[in-house]
Amino acid sequence: MMFVRFTNKSRTSVEAAFEEARMLGHDALGDEDLLLGILRADEGVAAEALYSLGVTLEDARDECEEMLSDALSSTGISLEDIRREAGEAFDMSLPDDRKIPYSPRAKNALVRARKEMRRLGDNHLGTEHVLVGIVGNEDGTAVRLLGRLGVSPEVLEERLFELRERADG
Amino acid sequence: MDEKTRTRIGGPEDPREGLEAVVALRRTLEALEAAQVENAFVAGWPWARIAEVLGVSKQAVHKKHAKRIRAKYPGEPPKRKSRGA
């Protein structure tokens with residue numbers, strides 16, 4: 001149901017997003033995880049657009065942890081201190097049997113992706129539609145993460161459509 | 001904490017910052033609990049003693065952590081007698 005009309009690439013990127021979420025200890029799939037999934041699957045126009053703007057999987061993961069660390073700092077807690085105190089056993093990742101649901105923002109992004117597909121008159125839902133859906137969450141974590149990496153939604157969408165036209169032509 | 005570690009967006013009056021801190025704490029707390037239970041297990045503590053210090057039942061701590069820790073440390077738990085399946 002969720003994956004109706006998805007291309008193999010976009011489905012792979014959503015599956016990769018769940019793996020990223022698990023690794024980072026996200027108890028629900030966030031829109032930033034969908035972004036990481038696109039980079040991790042490393043396929044399609046969306047990953048190409050992100051790479052061309054200098055966004056790599058490593059950068060995005062690091063920024064995710066940096067945002068967690070900043071949020072903890074605001075309460076006076078140092079992630080580094082906790083990590084040091086707990087030793088090697090400290091690991092943010094969630095166990096394999098832990099079920100990770102979609103967050104409302106991730107759901108919104110995928111709903112918006114489908115609208116984008118229809119708006120463009122496309123028959124299949126590709127990674128570019130997913131990415132447009134993600135950056136449509138103006139107040140979302142993914143948009144702020146991209147902003148910290150110096151990429152605005154406008155620039156990203158522009159690059160996406162350039163690459164799309166090039167692929168079509 | 002020095003000024004540099006303070007977040008840049010908004011102040012304590014910014015509700016989003018406060019709410020995001022809660023999420024960050026929850027995720028970090030979960031990872032910290034898993035790590036400290038594992039550390040205690042490796043140190044040879046029985047589940048009952050771990051549970052007692054955490055202030056929860058032995059069943060609760062076992063249910064939450066045993067599977068993951070056993071998978072990571074296959075074979076006999078340290079300094080403990082064997083049990084049935």
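So, a helix here is a DSSP run of H or I with at least four residues, a strand is a run of E with at least two, and both are numbered from the N terminus. With that settled, A:Ala86 sits in helix H5 of chain A, residues 79-86.

Quick housekeeping. This is a predicted model, so local features need pLDDT of at least 70 and side-chain atom pairs count only at pLDDT 80 or more, while totals for chains, interfaces and linings use all residues. Residues are numbered from 1 along each chain as its sequence is written, and chains are lettered from A and ligands numbered from 1 in the order in which they are written.

Okay, chain A as a whole. You'll find nine helices and zero strands in chain A. The C-alpha trace of chain A spans about 55 × 35 × 25 Å along its principal axes. A compact globule of 169 residues would have a radius of gyration near 15 Å, and chain A has 16 Å, which agrees. That radius is taken over C-alpha atoms, and the globule rule is 2.2 Å times the number of residues to the power 0.38.

Now, burial. We call a residue buried if 20 or more other C-beta atoms lie within 10 Å of its own, exposed if 12 or fewer, and partly exposed in between, with C-beta atoms placed from the backbone. In chain A, 42% of the 169 residues count as buried.

Take helix H3 of chain A, residues 44-52: the buried residues there include A:Gly44, A:Val45 and A:Leu50. And what covers them? Among the covering elements of H3(A) are helix H1 (8-24), helix H2 (31-41), helix H7 (127-135) and helix H9 (153-168) of chain A. After H3(A) comes A:Gly54, with a positive phi near 85 degrees.

Back to A:Ala86. Because A:Ala86 has 19 C-beta neighbours inside 10 Å, this residue counts as partly exposed. Leaving out residues up to four places away in sequence, A:Ala86 touches B:Leu32, B:Ala35 and B:Gln36. Contact means that the C-beta atoms of two residues, placed from the backbone, lie within 7 Å.

That takes us to the interface. The contact takes 20 residues from chain A and 20 residues from chain B. On the chain B side, the elements giving two or more residues are helix H1 (15-42) and helix H3 (58-72) of chain B. H1(B) gives the most to that side, with 14 residues. By class, the side of chain B that touches chain A has seven nonpolar, five polar and eight charged residues. Nonpolar covers Ala, Val, Leu, Ile, Met, Phe, Trp, Tyr, Cys and Pro; charged covers Asp, Glu, Lys and Arg; the others, Gly among them, are polar.
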